[in-house]
Amino acid sequence: MKALLTAAAIVLLAPTLALAQKTSFDFDKTTDFSKFKTYTLKDGTKVNDPLIHNRIVAAIEAEMVAKGLSKNDAMPDVVVVYHIAFDKKQDITTFSSGYGGYGPYGYGWGGGWGGSTTSTQVRDILIGTLVVDIADAKKGQLVWRGMGVKEVNTQNNPEKRDKSINNAVQKIFKNYPPKVKK
């Protein structure tokens, strides 16, 4: 019985665990990130919703300031661009409950009659990918890229959208500037 409850808990929690945001980053190891003091934002592949776009821009600007950079559109050290993409995936969850009946291998094994039920749920999930690129403005070369992938809940209220976007951008910028191993 304990094993059945554990299995049921894993089946029920698996979709929740799979929805956690995954982040990654890459960077040019020859770049001295300490020389970057100013930034500007340029358009990349923007989200079509101006409210969401403004939230993303505000979150990126907050992280740039938190990292010690100030905005300077005239003479920036780096250019920051974000790209966003959406994809749909299907989540298929099957859960069985109840008990088996008498079968060829004894009670509870091998089928026969019983009172078990199985239900399968299929749902579409909207997955969002946010990529933030930072390029050296003088060289015109990409020096850092951060990426986050997460399920997007289109039913969230504005406060939850703010929190979700801010958390996503904070996680993406966690490794900026990158720590170079010596």
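Student: How many helices and strands does the chain have?

Tutor: The chain has three helices and eight strands. Helices here are DSSP runs of H or I with at least four residues, strands are runs of E with at least two, and both are numbered from the N terminus. This is a predicted model, where local features need pLDDT of at least 70, side-chain atom pairs count only at pLDDT 80 or more, and totals for chains, interfaces and linings use all residues. Residues are numbered from 1 along each chain as its sequence is written, and side-chain values use heavy atoms, with hydrogens and water left out.

Student: What pattern does the chain follow along the sequence?

Tutor: Reading along the sequence gives α-β-β-α-β-β-β-β-β-β-α.

Student: OK, the sheet now. What order do the strands of the open sheet have?

Tutor: The order is β1-β8-β7-β4-β2-β3, an open sheet of six strands with mixed pairing. Two strands count as paired if DSSP finds at least two bridges between them. β1 (22–27) and β3 (70–71) stand at the edges with a single partner strand each, so one side of each has no neighbour in the sheet.

Student: Which strands run parallel, and which antiparallel?

Tutor: β2 (residues 38–45) and β4 (residues 78–97) run parallel, joined by five bridges. In that pair, Thr40 stands opposite Val79 in β4. β1 and β8 run antiparallel with six bridges, and there Ser24 sits opposite Met147 in β8. β7 and β8 also pair in the antiparallel sense, over ten bridges, with Thr129 opposite Val149 in β8.

Student: What does Gly140 do in the hairpin of β7 and β8?

Tutor: Gly140 takes a positive phi near 70° in that hairpin, which has four residues between the strands. For background, most residues other than glycine have a negative phi, and most peptide bonds are trans.

Student: Which peptide bond is cis, then?

Tutor: The bond from Tyr176 to Pro177 is cis, with omega near -10°. Pro177 lies in the segment after α3.

Student: Switching to helices. Where does α2 lie?

Tutor: Helix α2 (residues 50–66) lies across β2, β3, β4 and β7 (117–136), and runs at about 115° to β4. Such angles run from 0 to 180 degrees between N-to-C directions, and the axes are lines fitted to C-alpha atoms, for helices over the stretch in contact. α3 packs on the sheet too, touching β1, β7 and β8, and its direction makes about 135° with that of β8. Contact means heavy atoms within 4.5 Å.

Student: Which residues of α2 are buried?

Tutor: The buried residues are Ile52, His53, Arg55, Ile56, Val57, Ala59, Ile60, Glu63 and Met64. Buried means under 20% relative accessible area, exposed is over 50%, and partly exposed is in between (1.4 Å probe, protein chains only). These buried residues of α2 pack against β2, β4, β7 and α3.

Student: And for the chain, what percentage of residues count as buried?

Tutor: Of the 182 residues, 31% count as buried.

Student: Tell me about Leu130. Buried or exposed?

Tutor: Leu130 is buried, with a relative accessible area of 8%. Leu130 has its place in strand β7. Leaving aside neighbours within four places in sequence, its contacts include Ile56, Tyr82, Met147 and Ile172.

Student: Now the aromatics. How many aromatic pairs are there?

Tutor: The count comes to seven aromatic pairs. Rings of Phe, Tyr and Trp (its six-membered ring) pair if their centres lie within 6.5 Å; planes under 30 degrees apart are stacked, over 60 edge-to-face, and the rest tilted.

Student: Why is the pair of Phe33 and Phe36 edge-to-face?

Tutor: The ring centres of Phe33 and Phe36 are 5.8 Å apart and the planes are at 85°, so the pair is edge-to-face. Both Phe33 and Phe36 are buried.

Student: What about Trp144 and Tyr176?

Tutor: Trp144 and Tyr176 form an edge-to-face pair as well, at 5.3 Å centre to centre with 75° between the planes. Trp144 lies in strand β8 (residues 141–151) and Tyr176 in the segment after α3 (158–172), so the pair ties together parts that are 32 residues apart in sequence. Trp144 and Tyr176 are buried.

Student: Which residues form the aromatic cluster?

Tutor: Phe25, Phe27, Phe33, Phe36, Trp144, Phe173 and Tyr176 form one aromatic cluster.
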